[in-house]
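Let's take a tour of a protein model, with an eye on its aromatic rings. Have the sequence and the 3D view ready.

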Amino acid sequence: MIAKRLEGINEYYFSQKLREIDALNKEGKGIINLGIGSPDLPPHPDVIRTLQEAVVSPSIHGYQGYKGIPALRQAFADWYQQWYRVSLNPDTEVLPLIGSKEGIMHICMTYLDEGDEALIPDPGYPTYGSAVKLAGGKPVSYLLKEENNWYPDLKALAATDLSKVKLMFVNYPHMPTGQQVAPGLFENLVRFAKENQILLVHDNPYSFILNDNPVSLLETPGAIDVALELNSLSKSHNMAGWRIGVLCGSKERIEEVLRFKSNMDSGMFMPLQLAAAKALSLGADWYSHINSIYAERREKVYQIMDILGCKYELNQVGLFVWAKIPDHYQDAYALSDEILYGSSVFLTPGGIFGSQGSRYIRISLCGDLSRFEQAISRISK
């Protein structure tokens, strides 16, 4: 018998869909998967070289500290200062993570008791809700609508019963819509959190992709008092499989999360930490390089959306293109299945991100130009 905490927790959608795609591929379908945002490009050569040089050392293979090596914490602090204009104490306000997805779980387990509530964006990353449930809490959706530029209606939220709400997950640049941060949004969120005694959790892995102005919630005055921020090297540095993330926040909050994390996992392999520190030291040329590639791919994705008759905004950022489907489809699942079984191309239905995504489709920018051109050819037919 499985534990009660898994009741109502389904297998992650992409885990299920990848099995289905694998079965179709065994039938010879040759599915082109444009769904998952797993960067296909390699990290910078200097990052790989650092890993290679470190891993041969005979004295580097032991357990590491739970807080990460000082060099990595300092590298994260320097990165935040350079790109986000945020000053962090590397000894007390920076906690390296074995991937930021794990950090979501750490936070939920640290702060949520049975019956506590957490505000979850709809549409939004499905892991937020799952982690809240696994921790014994109750996810409460707040709706993000296109007519409100995918921003929360904080006035409407404040009028609801927030007495049991302890956490609020926010994510800008937003996944899946690609919406950027509006002027004043973070200030309003910080004010809302203070007035309602809610801990903000800002998930920030997409700020460098096709975005000229990376921002952090912690740049907002007073945010450090009411917020934690998750970040990651998965997208910004093509290191998704390396599982390197970070949690930034006040000394008190970092110590609280560390109490759970230190009982959940151990320190990261030191060569990975050294390579991550090298990645964080890369200059603007690195981001320009990867974004020039993504920009070229995005033009191909726009072509796919045009063929499908979908409508999209040109100012969205991040690793995906989000678009509204034509009215004649029942929902995005219907469009996704039609393209999967009719053209052997997989596109992500927006409904997996919540009710507000049911009439939207998402296409990843992860794949070389030839894959997008082949997908265009298949869908056109």
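## Starting with a tryptophan

Is Trp150 buried or exposed? Trp150 is buried, because its relative accessible area is 6%, and buried means under 20% relative accessible area, exposed over 50% and partly exposed in between, using a 1.4 Å probe and protein chains only.

A word on the ground rules: this is a predicted model, where local features need pLDDT of at least 70, side-chain atom pairs count only at pLDDT 80 or more, and totals for chains, interfaces and linings use all residues. Residues are numbered from 1 along each chain as its sequence is written, and side-chain values use heavy atoms, with hydrogens and water left out.

## Rings that pair up

Rings of Phe, Tyr and Trp (its six-membered ring) pair if their centres lie within 6.5 Å; planes under 30 degrees apart count as stacked, over 60 as edge-to-face and the rest as tilted. By this rule, there are 18 aromatic pairs. Take Trp150 and Trp322: their ring centres are 6.1 Å apart and their planes sit at 80°, so this pair is edge-to-face. It links distant parts of the chain, with Trp150 in the loop between β4 (138-143) and α6 (154-158), and Trp322 in strand β10 (residues 320-324), 172 residues apart. Helices (H or I, at least four residues) and strands (E, at least two) are DSSP runs, numbered from the N terminus. Trp322 counts as buried, because its relative accessibility is 3%.

Tyr151 and Tyr172 make a tilted pair, at 5.7 Å centre to centre with 50° between the planes. Tyr151 sits in the loop between β4 and α6, while Tyr172 is in the loop between β5 (165-170) and α7 (185-196), 21 residues apart. Tyr151 is buried, with a relative accessible area of 14%, and Tyr172 is buried too, at 1%.

## Two parallel strands

Now back to β4. Strand β3 (residues 117-122) and β4 run parallel and are joined by six bridges; two strands pair if DSSP finds at least two bridges between them. Glu117 stands opposite Lys138 in β4.

## One more residue

Finally, find Ser288 in helix α10 (residues 284-308). Ser288 counts as partly exposed, because its relative accessibility is 48%. From Ser288 to Asp203 is 85 residues in sequence and 23 Å in space, C-alpha to C-alpha.
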